[in-house]
Amino acid sequence: MRRLVFSSGDYRDRQPTRFRRKNGTKMALTTEDTRQDSTPPCFHLLAKPSGSTCNIDCTYCFFLSKEALYPNEKNRMSDATLEAYIRQLLESHRTPTVTVAWQGGEPTLMKLDFFRRSVELVEKYRRPEQIVQHTFQTNGILLDDEWCAFFKEHNFLVGLSVDGPRELHDTYRLDRAQQGTFDKVMKGWRHLRQHGVEFNILCTVNAANEKHGRTVYRFFRDEMGAQWVQFIPIIERATEQTIDIANLGWSEQPNRKRLLYTQDGNLVTKRSVGGEQYGRFLVDIFEEWVRHDVGRVYVQLFDVTLEAYFGRHLLCIHAPTCGYGPALEYNGDLYSCDHFVEPRYLLGNIHETKLLKLVSSPAQRKFGDDKRDSLTAQCQRCEVRGLCNGGCPKDRFTLSSDGDPGQNYLCAGLYLFFTHTRPAMQTMARLLESGRAPSDVMALTVAEDERRGPYQPCPCGSGRKFRFCHGDRAPDSPFSGVSPATVVTKDGRVTSVPSQLPLRASSDGAHGGAQ
Ligand code: SF4
Ligand code: SF4
């Protein structure tokens, strides 16, 4: 699953370069926005040219079930829809920068000529002053030299879906034969590296990897050379009637009726991340990052949280309102959000109503404003509300401490993350305000570690002594030695594949990070 990445307004032109938005990121209107009318100056649309069709079969990917919305159709975007989309997208933007974001399903199923045509159309309809950024979220399976040469030539930003080292990745990211996809994804990653394509990692946080935050993060940083990482919690909702079917997964099975996933029910599947555990996963990574990687590795939630200390909300999930990230299906149908591709959130079709009119419609504004207007009393009085804003509405299906419905399933984890990171974030904010690099927080953190001593409880809250947790004697992970450059053949042989490029992330900060 990708979604990224990482889908709201793209305000990158107003952001400091360190917050350059990566693929799949859902950017939000900032509190500084000064629109006079309901027409947004820009937005971040996720286009699904092959609908929800995918070439693999991840167990947790409820997006697969969305094929049921368009039964009996070959889900492929026509040239007429592609042209209408690109033209209307470019016409709609009043900001100099426009993002053309391709998502799936799996967009490589559209073949390369489709995207060559999209680039041609961008050049045809782009106003001279418009700068267009192409982004592409993929599972990486079909990436080869031809794809990667194309990405490089047109400066595409590629999001690659990886859930960690092999054992963790292969738990749920399976192909149609129910085999793990790790080796195939790493083959695609090597092509990206060989061609020097800019990429970021989109990692879901699920029941398999939720207790391995640092392991997952170190794998991306040290083995894959990733400088941009984004974490997405897996929360698959279900009702008492659907939970048994949902637990089996979302792909089409013989003799089993496919269930269309909708945002209903207050149960979750066994693959879903635990609410509090999501926060522990993030804290585990933060404690590593704040000692070693500030300014070198961009972790989306960390950067947007720091921006929130200045009152700027760059991620829809933690912005007061949302609704600037619609999703476009292959046939021109536009939905309120990629997470709400279901009949009740269909805004219309761009062949019948202009894209900008749909994005500015009262229905879509209400969708976005409801995020703020439906906050529970618990959220309204929460000490970290200004940073969290209740999280994404799709996850608000539990009871609050007052017994009110509509509390975020992740609340315990979000509260843990925002309170735990507050001292370091405040330090970084003060450093920025005084004209210093936020990366200076690393030396301050290490000095604090030394003052506290190695045998005190680790500040991450694990209960272990610091030295054996986030200190210098942290034990190797059970997954250490699992390298993407290692391929296990079908007969069980292990072969090393030398990478063409250095694996360690560069430390020059050229791509930003929080500094
Ligand atoms: S519903 Fe959630 S993911 Fe969609 S735009 Fe709103 S906050 Fe973002
Ligand atoms: S931490 Fe929980 S109570 Fe606080 S704003 Fe977020 S969801 Fe609401």
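Two strands are taken to pair if DSSP finds at least two bridges between them. Helices (H or I, at least four residues) and strands (E, at least two) are DSSP runs, numbered from the N terminus. The structure is a predicted model, in which local features need pLDDT of at least 70, side-chain atom pairs count only at pLDDT 80 or more, and totals for chains, interfaces and linings use all residues. Residues are numbered from 1 along each chain as its sequence is written, and chains are lettered from A and ligands numbered from 1 in the order in which they are written.

The secondary structure of the protein chain comprises 16 helices and 16 strands. Of the 515 residues in the chain, 50% are buried (20 or more other C-beta atoms within 10 Å of the residue's own, with C-beta atoms placed from the backbone; exposed means 12 or fewer, and partly exposed in between).

Ten strands form an open sheet with mixed pairing, in the order β9-β6-β5-β4-β3-β2-β1-β10-β11-β12. Leu 46 has Ala 101 of β2 as its bridge partner.

Backbone geometry was examined next. Most residues other than glycine have a negative phi, and most peptide bonds are trans. The peptide bond from Gly 104 to Gly 105 is cis, with omega near 5°. Gly 105 lies in the loop between β2 (97-102) and α2 (111-125). Lys 111, located in helix α2, is not a glycine but has a positive phi of about 70°. This lysine, Lys 111, counts as partly exposed because it has 13 C-beta neighbours inside 10 Å. A positive phi, near 55°, is also found at Asn 155, in the loop between α3 (145-153) and β4 (157-161). Asn 155 has 11 C-beta neighbours inside 10 Å and therefore counts as exposed.

The shell around ligand 2 includes Gln 378, Cys 379, Cys 382, Arg 385, Cys 388, Asn 408 and Cys 411; a residue is near a molecule if its C-beta atom, placed from the backbone, lies within 6 Å of it. Two or more residues each come from α12 (377-380), α13 (385-388) and α14 (411-420). The largest share, 3 residues, is given by α14. By class, the shell divides into 7 nonpolar, 4 polar and 1 charged (Ala, Val, Leu, Ile, Met, Phe, Trp, Tyr, Cys and Pro count as nonpolar, Asp, Glu, Lys and Arg as charged, and the others, Gly among them, as polar).
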